[in-house]
Amino acid sequence: MKKILIISNVIFVITTLVLGYILLFTGTEMIKADSEDNRITVKYAPDLRDLVMSEMRDYLEVINEVHQGMAENNPEMIVKAATRQGKAAIAETPARLLKLSPLACKQMGFAGHDLFQAIADSARVNYNPTTTSKQLAALTNNCVTCHKVYKVDYTN
Ligand code: HEC
């Protein structure tokens, strides 16, 4: 009788441990597997990161204004918006940012400004919605490509 009690207690303890292990650890492992993030981390000082992120949010605003300009058949609105992130924005890029950014990251950054400039230029010279639409597709493709490769973190 005593032996059976000991055995059943041992089985109980083992079952509890196994269930406890499954509950506590296997779920965590599943989350880890799901959030596999292979992006390269680029480290910026907080002020630099804030600058880059606010520029990113402005990219989105410019794209929105370009779309709005297309919807209203208003090339001037497109020119005005896209110029804001065109060639002039490259000139304003702090040297520190260029130093800390990997080469491919820099190239995609420049390519984006060139595409904004191209949108502004062609809307000014000879506005054609199909051309603007194609340029927007090339531009957003550049955004998507960079977002797949990089993420930003603060330096300590
Ligand atoms: C040179 C690479 C690169 C290009 C090009 C790029 N981005 Fe980003 N963007 C990033 C990185 C890196 C982050 C931060 C992502 C992270 O840390 O998870 C980011 C973040 C953002 C955010 C979030 C900003 C915030 O406040 O957190 C927005 C919005 C964004 N990008 C929009 C765009 C748009 C729109 C374009 C294209 C016109 C674009 N980005 C092009 C690299 C890029």
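1. H3 passes H6 in a left-handed crossing (the near helix is turned anticlockwise from the far one by less than a right angle; clockwise would be right-handed). Helices here are DSSP runs of H or I with at least four residues, and strands are E runs of at least two, numbered from the N terminus. This is a predicted model: local features need pLDDT of at least 70, side-chain atom pairs count only at pLDDT 80 or more, and totals for chains, interfaces and linings use all residues. Residues are numbered from 1 along each chain as its sequence is written.

2. The axes of H3 (residues 75-84) and H6 lie 8 Å apart, at an angle of about 155 degrees. H3 is therefore roughly antiparallel to H6 (angles over 145 degrees count as such). Axes are lines fitted to C-alpha atoms over the stretch in contact, with angles running from 0 to 180 degrees between N-to-C directions.

3. In H3, Pro75, Ile78, Val79, Ala82 and Thr83 meet Phe116, Ile119, Ala120, Ala123 and Arg124 of H6 (contact: C-beta atoms, placed from the backbone, within 7 Å). By class, that contact has 8 nonpolar, 1 polar and 1 charged residues.

4. The ligand is surrounded by 18 residues; Met56, Tyr59, Cys143, Cys146 and Lys151 are the closest. A residue is near if its C-beta atom, placed from the backbone, lies within 6 Å. H2 gives the largest share of the shell, 6 residues. The shell divides into 12 nonpolar, 4 polar and 2 charged residues.

5. Pro129 sits in helix H7. Pro129 counts as partly exposed because it has 14 C-beta neighbours inside 10 Å (20 or more is buried, 12 or fewer exposed).

Technical notes:
Nonpolar A, V, L, I, M, F, W, Y, C, P; charged D, E, K, R; others polar. Parallel < 35°, antiparallel > 145°, perpendicular 65-115°, else oblique. Contact = placed C-beta atoms within 7 Å.
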